[in-house]
Amino acid sequence: MSNSGAQHRIAVIGGDGIGPEVTAVALKVVAAAGVDMVTTEFDLGGARYLRDGEVLSDETLAELRHFDAILLGAVGTPGVPPGVIERGLLLKMRFELDLYVNQRPFVGTAPGHDRPHEFVVIRENTEGPYVGEGGVLRKGTPFEVATQGSVNTRMGVERCIRYAFELAAGRERRHVTLVHKTNVLTFAGNLWERTFDEVAADYPDVGTAYNHVDAACIYFVQDPHRYDVVVTDNLFGDILTDLGGAVSGGIGLASSANLNPARTGPSMFEPVHGSAPDIAGQNVANPVAAILSAALMLDFLDETAAADRIRAACAEPVIGSTTHVGDEIAARLQG
Ligand code: IPM
Ligand code: MN
């Protein structure tokens, strides 16, 4: 069938809650698209942590490095303190595997428009307030002090912005918007702005704009058509992409790629949604975000024809259980 001829080694982390259900469906759809892959399951996430204390050991991380890609469902279980799995598993993979771009595409129809908008957010994925710089003093006293730093390196900002311009240069509209808060975060904002302008000079055919992040929230809701590629820092990108999901058909459709564009190791693909423990095991979770994340994985593995076919098969809505939606989309690919 339409594939590159290569066999891809995929590490699968179903994770917690609805994660394993939607991941199983996504893999079924990838197989139906005729892509040749071998999968290896890794039992990681909140449930594993509660069972034997492992979050992501250095040995497991070393094993993951041998794969071509990682497909992740969702992680997070009630009863695990906040941050344990997020920092110890998800962020550890993003940082250690140098997944410095978080790419999140959106397609939707804004109120008052009949034409769909289509844009993509490039979120810096290894720096900013996510690095865990800071600390706490005098904890639990009235004099408690907490600081949380934001780390922005010239190298980290530049490689992310350059990725955004490279992507935009290959798109029809060829436009990049920088989103930040340069009027308040003057140190980091200035580094982002200068770097953006310098990289932009290398891409004379790509148009540019700048929005403050608060204004961008209004435009995401009222006028998403103005965007083609949006590039922003880690935390702004986290918040904006949930908003992007909400205005583009809901978080059940939002897909993401954590990319190491230098390809020094595997990239990781995951739906934006979480583990949704309240609906886990009921066969009611929407698997489309996981399926579209698997399509992003195929793009990165040079299986773009299969990825495009999967996206086309997801375009017509399907109503039913998790497994029914998967079966229907798989049938469209085979039919
Ligand atoms: C996301 C998630 C993560 C993030 C959490 C789970 C650490 O919200 O991928 O958007 O903040 O990056
Ligand atoms: Mn998020």
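**View 1. Phenylalanine 119 and phenylalanine 220, both buried in this predicted model.** Buried here means under 20% relative accessible area, with exposed being over 50% and partly exposed in between (1.4 Å probe, protein chains only). Their ring centres sit 5.2 Å apart with the planes at 85 degrees, so this pair goes down as edge-to-face. For reference, rings of Phe, Tyr and Trp (its six-membered ring) pair if their centres lie within 6.5 Å; planes under 30 degrees apart are stacked, over 60 edge-to-face, and the rest tilted. The pair bridges distant parts of the chain, 101 residues apart: phenylalanine 119 is in strand S5 (residues 117-124) and phenylalanine 220 in helix H7 (residues 213-222). Helices (H or I, at least four residues) and strands (E, at least two) are DSSP runs, numbered from the N terminus.

**View 2. Phenylalanine 165 against phenylalanine 196.** With centres 5.2 Å apart and planes at 55 degrees, these two rings make a tilted pair. Helix H5 (residues 154-169) brings phenylalanine 165, and helix H6 (residues 186-201) brings phenylalanine 196, 31 residues apart. Phenylalanine 165 is buried at 0% relative accessibility, and phenylalanine 196 is buried at 4%.

**View 3. A ring cluster.** Phe106, Phe119, Phe220 and Tyr227 are joined by ring pairs. The structure has eight aromatic pairs.

**View 4. Charges over rings.** The charged end of arginine 159 sits over tyrosine 100, 3.9 Å from the ring centre (NZ of Lys or CZ of Arg within 6 Å of the ring centre and within 35 degrees of the ring normal). Arginine 263 lies over the face of phenylalanine 300, 3.8 Å from the ring centre.

**Notes.** Residues are numbered from 1 along each chain as its sequence is written, chains are lettered from A and ligands numbered from 1 in the order written, and side-chain values use heavy atoms, leaving out hydrogens and water. As the model is predicted, local features need pLDDT of at least 70 and side-chain atom pairs count only at pLDDT 80 or more, while totals for chains, interfaces and linings use all residues.
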